[in-house]
Amino acid sequence: MLQATYSKYNLHFKQPAGTSRGILTEKETWFIKVWESEQPEIYGLGECALFRGLSADDRPEFEKILKETCEGFSNLRDIRYLQDWSSIQFGLDTALADLKHGGKRIIYPTPFTEGQTDVEINGLIWMGSKDSMRQQIIKKLDAGFHCIKLKIGAIDFEAELDLLRMIRSQFSKELIELRVDANGAFSPKDAPRKLEQLAKYDIHSIEQPIRQGQWEEMSRLCRNTPIPIALDEELIGIEGFNKDKLLDTIRPQYVVIKPSLLGSFSGSWEWISRSRERNIGWWITSALESNIGLNAIAQWTAYILECHPTGMPQGLGTGQLYTNNIPSPLEQTGSTIRYNPQASWNLSPISF
Ligand SMILES: O=C(O)CCC(=O)c1ccccc1C(=O)O
C-alpha cells in the first residue's frame with residue numbers, strides 16, 4: 001500500500017535576498033515522502049515549495065490539505081483535485097516520479113541525469129546597495145556567466161541605471177545578456193518612461209514591470225515597449241481557458257515558467273505549449289526551492305529542452321542561497337547547472 005508523510009523545513013539565506021517585494025532571510029518549505037508499505041527503505045521525495053506571499057496556495061488550510069493528502073493517500077485515485085494547490089501537486093508529482101524510478105532522486109531520466117548534458121542558466125543579482133550589487137555583478141562575471149538578471153525596482157532608479165551603465169561600459173550585449181526583474185515595482189503611469197530609460201542599456205527583457213492583475217495596462221505596455229516583457233507573477237493562479245485568454249489579451253514577448261507555482265509539470269507544460277502556439281518565448285525558473293525542488297525542476301527543464309531547445313539561459317541559479325540546503329549532486333559550474341551522477345545526496349538534514 002502506498003504511504004505518505006510530510007515535514008516542514010526552514011531554509012536560512014546566507015545573505016539577505018532583496019527584491020522589490022522585501023528582503024528575505026528565511027524561507028519555509030515542506031517535504032513530502034512516499035513509499036510502498038512493503039518496502040519502506042525505498043522512498044520518493046518531493047518538495048511542496050510554498051512561497052508565502054506569492055503562491056496561490058499561501059492560504060490558512062495549506063498544512064491541513066497537505067496532511068489530508070498524506071493521510072488519504074493510499075485510496076487517492078485522483079489527485080487532480082490538487083490543481084488548486086500547486087506546490088503540493090509539485091511535491092507529490094516529484095515524490096511519485098522519484099519512487100517510480102527507484103527512490104534515487106531521478107525524476108526525469110535523460111542524458112542530463114547521466115551527467116552528459118548541462119543547462120545554461122542566468123546569474124541572479126539581488127537588490128541591495130549599489131556597492132553590494134556591483135560586487136555581486138563582478139562575482140557573477142568572474143564566475144563565467146553570460147547572462148545576468150538583476151532584481152530592480154526598489155533602490156533609487158538612478159542608481160539602478162548607473163549599475164546597468166557600469167556593466168555596459170565594460171561588456172557589450174554580445175558578451176553579457178542583461179535581464180532585469182522588477183517584480184511588479186513600476187506603476188502603469190511611470191512604466192513607459194522607465195522602460196525607455198532602461199532600453200539605453202540593451203536589456204534583453206524585463207520581468208513583470210507592473211503588478212499582476214492589470215491586463216489592460218500590461219497589454220498596452222507589451223504593445224509599445226522598447227524592451228521585451230516577460231510575465232511572471234501574472235501567470236500564478238490562472239487556470240484552464242483563462243491561460244489562452246491571458247496570452248491573447250496581454251500578448252507578452254515572454255513568459256517565465258515556475259513549476260512549483262504554476263500547477264507543477266502539467267500546468268507548466270500547458271503554459272509552454274500555449275505560448276509556443278503563439279510565438280511567445282519562455283524560460284523555466286526556480287523560485288527559491290531547496291535542492292529537492294530545484295533538482296526536480298532542473299531535470300524537467302532538461303527533459304523539455306531536449307525536445308524544444310530554445311538556446312536561451314534558464315533561471316535555475318538559486319541553488320547556492322542557503323546555509324542549510326540539502327547536499328545534492330547538482331553542481332553550478334561557470335554558467336551552467338549539471339547533475340553529477342557520481343556525487344551523492346545527503347538527506348540527513350530532513351527528519352520525518
Ligand atoms: O527571480 C528568480 O529567478 C528567483 C527568485 C524568485 O523567484 C523571487 C524571490 C523573491 C521574491 C520574488 C521572486 C520572484 O521572482 O518570484
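Two residues are in contact when heavy atoms of one lie within 4.5 Å of heavy atoms of the other. In this predicted model, that criterion describes how the two parts of the protein chain meet. The chain is divided into domain 1, residues 2–101, and domain 2, residues 111–339. Between the C-alpha centres of domain 1 and domain 2 there is a separation of 23 Å. Across the boundary, 29 residues of domain 1 are in contact with 36 residues of domain 2.

The largest pocket has a volume of about 630 Å³. Its lining comprises 21 residues, and those closest to the centre are Gln-15, Trp-126, Gln-136, Lys-139 and Lys-140. Three elements each contribute two or more residues to this lining: strand 1 (2–19), helix 3 (130–143) and strand 12 (330–333). Helix 3 supplies the largest share, with six residues.

Strand 2 gives the most, namely five residues. The lining of the second largest pocket divides into eight nonpolar, 10 polar and nine charged residues. Because domain 1 and domain 2 both give residues to this lining, the second largest pocket lies between them.

Helix 5 illustrates how a single element is packed. Within this helix, which spans residues 191–199, the buried positions are Ala-191, Lys-194, Leu-195, Gln-197 and Leu-198. These residues cover an arc of only 160° around the axis, and they therefore lie on the same side of helix 5. The partners against which the buried residues of helix 5 pack are helix 4 (157–170), strand 8 (203–207), helix 6 (215–224) and strand 9 (229–231).

Most residues other than glycine have a negative phi. Asp-202, in the loop between helix 5 and strand 8, has a positive phi of about 50° although it is not a glycine. With a relative accessible area of 36%, Asp-202 is partly exposed, as this class lies between the limits of 20% and 50%.

Arg-105 also has a positive phi, near 65°, and is likewise a residue other than glycine. Its place is in the loop between helix 2 (86–100) and strand 4 (119–120). The relative accessibility of Arg-105 is 7%, so this residue counts as buried, the limit for that class being under 20%.

Definitions and conventions. Residues are numbered from 1 along each chain as its sequence is written. This is a predicted model: local features need pLDDT of at least 70, side-chain atom pairs count only at pLDDT 80 or more; totals for chains, interfaces and linings use all residues. Side-chain values use heavy atoms; hydrogens and water are left out. On a 1 Å grid over the protein atoms alone, a cavity is a set of points where a 1.4 Å probe fits but cannot get out, and a pocket is an open set with protein on both sides within 12 Å along at least five of seven lines; lining residues have an atom within 4 Å of a point. Grid points are joined across faces, edges and corners, and a volume is the space filled by probe spheres set on the points. Helices (H or I, at least four residues) and strands (E, at least two) are DSSP runs, numbered from the N terminus. Ala, Val, Leu, Ile, Met, Phe, Trp, Tyr, Cys and Pro count as nonpolar, Asp, Glu, Lys and Arg as charged, and the others, Gly among them, as polar. Domain bounds come from an automatic or database domain assignment. Buried means under 20% relative accessible area, exposed over 50%, partly exposed in between (1.4 Å probe, protein chains only). The arc is that of the directions from the helix axis to the C-beta atoms.
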